[in-house]
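Work through the exercises below with the sequence and the model open. Try each task before you read its solution.

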Amino acid sequence: MQTLQSLFPKIGFFSILDVLLVALIIYQLYNLIRGTIAANIFIGFAVIFALNFVVKALDMKLLTIILGKFVDVGIIAIIVVFQQEVRRFLLLVGKNASLQRNKAWWKYFFGREEVEKNNYARIKPIIDACKSLKQTRTGALIVFAKYYDEQFYQNSCEIVEAKISKRLLESIFQKTSPLHDGAVVISENKIKSASCILPLTEKTDLPAQFGLRHRAGIGVTEANEATAIIVSEETGEISYAKQGRVKMNISFAELEKVLNKDF
């Protein structure tokens, strides 16, 4: 008869840590693909891998050879198909180890009052512009990029490199402006570019009223470490997107709070 020790081997601290880390990685991967077409593709891969074990057990040689070819290149295929999700996962890992973020925390604790004062001065023109855009029901998409990826943004943008101001933002998004289509990208305390064409989200569970502006705002936060403000042209409603999720119809007090938290 097997002893309890053989049935339940000794579980140490590192065994528990191992399980927790694997669970955390699976949870983060689930968050990255939840509600996207990638989730269906992942299920397809899982079905192929499961069928491979079944046909091997049943000694179905022809199917074993065919499915075996898929399994052999499985890792490469996953990287190719899920390149956006892999990019987002690596960004998620990298931002937690970011030296710049550590510096920000240092300033937060040892110079908090000065940081809050400077931060409010940066976001006030943006909030004032959003108030005006909401009142006139002028559609707008403002992206805040933590790291300005020139290759990602500049391919479809007009370079601006200007100081953030209420009037400039209002002028860009006026319907008669040649730059009103697309997004404004803000980074390093500057309006870096305007009229940016951004990738759309692949999520399939979004509200029916979401148009291209909302889908682009969500999409850019999935592909990059960025957040986005979306002003609806139909209703004037303000939404805030971050990490592929969106808060709808937020107030200006909430907008100030989330901008203060993120910047």
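Buried means under 20% relative accessible area, exposed means over 50%, and partly exposed lies in between (1.4 Å probe, protein chains only). Helices (H or I, at least four residues) and strands (E, at least two) are DSSP runs, numbered from the N terminus. The model is predicted: local features need pLDDT of at least 70, side-chain atom pairs count only at pLDDT 80 or more, and totals for chains, interfaces and linings use all residues. Residues are numbered from 1 along each chain as its sequence is written, and side-chain values use heavy atoms, with hydrogens and water left out.

**Exercise 1. The strand β5**

Task: Find how many residues of β5 are buried, and which strands pair with β5.

Solution. 
- Step 1. Count burial. In β5, 6 of the 6 residues are buried, so the strand is largely enclosed by the rest of the structure.
- Step 2. Sort the side chains. Ala226, Ala228 and Ile230 point one way. Thr227, Ile229 and Val231 point the other way. In a regular strand the side chains alternate between the two faces of the sheet.
- Step 3. Look for partners. Two strands pair if DSSP finds at least two bridges between them. β1 and β5 are antiparallel, with 6 bridges. Ala140 has Val231 of β5 as its bridge partner.
- Step 4. Turn to β6. β5 and β6 also run antiparallel, joined by 5 bridges. Thr227 is bridged to Lys242 in β6.
- Step 5. Check the hairpin of β5 and β6. It has 6 residues between the strands, and Gly236 takes a positive phi near 80°.

**Exercise 2. The largest nonpolar core**

Solution. 
- Step 1. A nonpolar core is a set of buried Ala, Val, Leu, Ile, Met, Phe, Trp, Tyr and Cys residues joined through side-chain atoms within 4.5 Å.
- Step 2. Size the core. The largest one has 25 residues. Ile126, Ile142, Val184, Ile186, Ile229, Leu255 and Leu259 have the most contacts inside it.
- Step 3. Assign the elements. Two or more residues come from each of α8 (112-136), β1 (140-145), α10 (166-173), β3 (183-187), β4 (190-196), β5 (226-231), β6 (238-242) and α12 (252-262). The most come from α8, with 6 residues.
- Step 4. List the contacts (heavy atoms within 4.5 Å). Beyond its neighbours within four places in sequence, Ile126 touches Ile142, Phe144, Ile164, Leu169, Ile186, Ile229 and Leu259.
- Step 5. A separate set of 18 residues includes Ala183, Cys196, Leu206 and Ala226.

**Exercise 3. The faces of α12**

Task: Why do the buried residues of α12 line one face of the helix?

Solution. 
- Step 1. Name them. Leu255, Val258 and Leu259 are buried in α12.
- Step 2. View down the axis. The buried residues fall within an arc of 100° (taken from the directions from the helix axis to the C-beta atoms), so they line one face.
- Step 3. Recall the geometry. An α-helix has 3.6 residues a turn, so residues three or four places apart point the same way.
- Step 4. Check the other side of α12. Ala253, Lys257 and Lys261 are exposed there.
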